[in-house]
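The sequence and structure are shown here.

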Amino acid sequence: KLWNAARFALMNMGDFRADPKLFIKEHALSLADRWILSRLNVAIAGVQSALTLYNFGEAASVLYQFLWREFCDWYIELSKGALRGEDEHARDSTRATLVFCLDQILRLAHPLMPFITEEIWQKLPMQHATESIVIAAYPTEDRRLRDEDAESEMRPVIEAIEGIRTIRGESQLSPAVKVEAHVQSASAHSREMLHRWRDYVIPLARLSELHISDVKPSKPAQAAA
């Protein structure tokens, strides 16, 4: 999974060579970029806390869950629209976020997975402060990258996509089939976020149309709920 994530990132770097840490601090970022950077810092804090208690299994579990579920399953999928779009700034901010997150993930994972992490780290398009990941500084939490607003905005988006994907799976629908979805929520915040970030929901849930309402809509014929 780590190798495939790195391969995806490296194949989409183009001519990007900016300092990723500097870029993400000086430029406006997308919701997906802000969300994954915030979740990365939650993971760093969790790993550090577990290591302080010599709980190596918990440290590995925190890192595994972040890498597999949040970075690979969500951020990489969310990043594809920006990487394939026409907005040059959106592409570069996504590239900077990918490189920055991979750098941090690789350094976190190095004590557990020494060889593959060194191999990938050497290929990242960034200036390294040391010649080897073995002596690179271990990541520490940067509270400036914690973004509770981004996490709050992304939460209903992820929940809606997961709900629609569950229904698709139970209905044995092919990923190639686009469907119309009606999403109902009593939460004004959730409805606002789904309207604002519908460009995330529609491609990831494989939708042709998305309708959002505060009342339960009448169930269309031949629909799953």
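The text below takes the cysteines, then the aromatic pairs, then the charged side chains over rings.

The model is predicted. Searching the whole structure for disulfides gives zero. Cys72 is in no disulfide, and its nearest cysteine sulfur, that of Cys101, is 11 Å away. Cys101 is likewise in no disulfide, with the sulfur of Cys72 at 11 Å as the nearest cysteine sulfur. Cys72 is buried, at a relative accessible area of 7%. Cys101 is buried too, with a relative accessibility of 0%.

The count of aromatic pairs is six. Among them are a stacked pair of Phe71 and Tyr75 and a stacked pair of Trp197 and Tyr200.

| Stacked pair | Centre to centre | Angle between planes |
|---|---|---|
| Phe71 and Tyr75 | 6.1 Å | 25° |
| Trp197 and Tyr200 | 5.7 Å | 20° |

Phe71 and Tyr75 lie in helix α4, which covers residues 56-84; because they are four residues apart there, about one helical turn separates them. Both Phe71 and Tyr75 are buried. Ring pairs also join Phe66 with Phe71 and Tyr75 in a cluster.

The charged end of Lys1 sits over the ring of Trp68, 4.6 Å from the ring centre. Arg165 lies over the face of Trp74, and here the distance to the ring centre is 5.2 Å.

Terms used:
Residues numbered from 1 in each chain as written. Predicted model: local features only at pLDDT ≥ 70, side-chain atom pairs only at ≥ 80, totals over all residues. Heavy atoms only, no water. Disulfide = S-S within 2.5 Å. Buried < 20%, exposed > 50% of the residue type's maximum accessible area, 1.4 Å probe, protein only. Phe/Tyr/Trp six-rings, centres within 6.5 Å; stacked < 30°, edge-to-face > 60°. Helix = DSSP H or I, 4+ residues; strand = E, 2+ residues; numbered from the N terminus. Lys NZ or Arg CZ within 6 Å of the ring centre and 35° of its normal.
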